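Please keep the viewer open as you read.

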Amino acid sequence: MPIGRVNAAKFIGRLLSEPHETELGGEEAHHLIATVHADRACPPSGHSIGWHDCYLSADILPLTWKADLLLEPNGDPRSVPDYLTGEARERATEAGRLAARIRREAHRRGLH
């Protein structure tokens, strides 16, 4: 009997244990980082994957993994692309700082 595809997302815990989840920003942080990830991944010139799908692909991740979407390998925030302007640019800058803080604090706490 063939085995069908398995959606791995249902095996990844989106929420960290408490008090970590709340102290690292909770739902507000999830939303901000997923929004900025989608903004970055879907430039105004177009993208083969829609903004909403990009948002959802980030939103299923725990905060520690989600933060890594906006960070360089050394833990610094990635530079904000030029096509993000106005509120989107401000949001991306704020999310980068938050992601760096989450990564530093998660490392300090031994979270992955």
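## Overall layout

The protein chain has five helices and zero strands, where helices (H or I, at least four residues) and strands (E, at least two) are DSSP runs numbered from the N terminus. Read from the N terminus on, its elements therefore run α-α-α-α-α. This is a predicted model, in which local features need pLDDT of at least 70 and side-chain atom pairs count only at pLDDT 80 or more, while totals for chains, interfaces and linings use all residues. Residues are numbered from 1 along each chain as its sequence is written, and side-chain values use heavy atoms, with hydrogens and water left out.

Of the 112 residues in the protein chain, 41% are buried; buried means under 20% relative accessible area, exposed means over 50%, and partly exposed is in between (1.4 Å probe, protein chains only). Among contacts (heavy atoms within 4.5 Å) between residues at least 6 apart in sequence, 66% join residues at least 24 apart.

## Helix α5

Helix α5 covers residues 86-109. It has 24 residues and reaches 35 Å from its first C-alpha to its last, close to the 34 Å expected at 1.5 Å a residue; the expected span is 1.5 Å times one less than the number of residues. The buried residues of α5 include Ala-88, Ala-92, Ala-95, Gly-96 and Leu-98. Further buried residues of α5 include Ile-102, Arg-103 and Glu-105. What covers the buried residues of α5 includes α2 and α4 (63-68). After α5 comes Gly-110, whose phi is positive, near 75°.

## Charged pairs

Side chains of opposite charge can pair when their charged atoms come close. A salt bridge here is a side-chain nitrogen of Lys or Arg within 4 Å of a carboxyl oxygen of Asp or Glu, and by this rule the count comes to eight salt bridges. Three of them are set out below.

| Salt bridge | Closest N and O atoms |
|---|---|
| Glu-27 and Arg-14 | 2.7 Å |
| Glu-105 and Arg-108 | 2.4 Å |
| Glu-105 and Arg-109 | 2.8 Å |

Salt bridges that share partners also join Arg-14, Glu-27, Asp-59 and Lys-66 into one network.

Glu-27 itself is partly exposed, with a relative accessible area of 47%.

Glu-105 and its two partners sit within α5. Glu-105 and Arg-108 are three residues apart, about one turn of the helix, and Glu-105 and Arg-109 are four residues apart, again about one helical turn. Glu-105 counts as buried at 17% relative accessibility, whereas Arg-108 is exposed at 61% and Arg-109 is partly exposed at 25%.

## His-30 in helix α2

Is His-30 buried or exposed? His-30, which lies in helix α2, is buried, with a relative accessible area of 0%. Its side chain and that of Glu-21 are joined by a polar contact of 2.6 Å. A polar contact is a pair of N or O atoms within 3.5 Å; within protein, one must be able to donate a hydrogen and the other to accept it, and residues adjacent in sequence count only if both atoms are side-chain atoms. Leaving out residues up to four places away in sequence, His-30 touches Arg-14, Leu-15, Glu-21, Asp-59, Leu-61, Pro-62, Leu-63 and Lys-66.

## Cysteines and Ser-57

How many disulfides does a search of the whole structure find? The search finds zero disulfides, a disulfide being a pair of cysteine sulfur atoms within 2.5 Å. Cys-42 is in no disulfide, and its nearest cysteine sulfur, that of Cys-54, is 3.4 Å away, too far for a bond. Both residues are buried, Cys-42 with a relative accessible area of 14% and Cys-54 with 6%.

The backbone oxygen of Cys-54 lies 2.8 Å from a polar atom of the Ser-57 side chain. Ser-57 is placed in helix α3 (residues 51-59) and counts as partly exposed at 39% relative accessibility. Ser-57 and Ala-38 are 19 residues apart in sequence and 8.9 Å apart in space, C-alpha to C-alpha.
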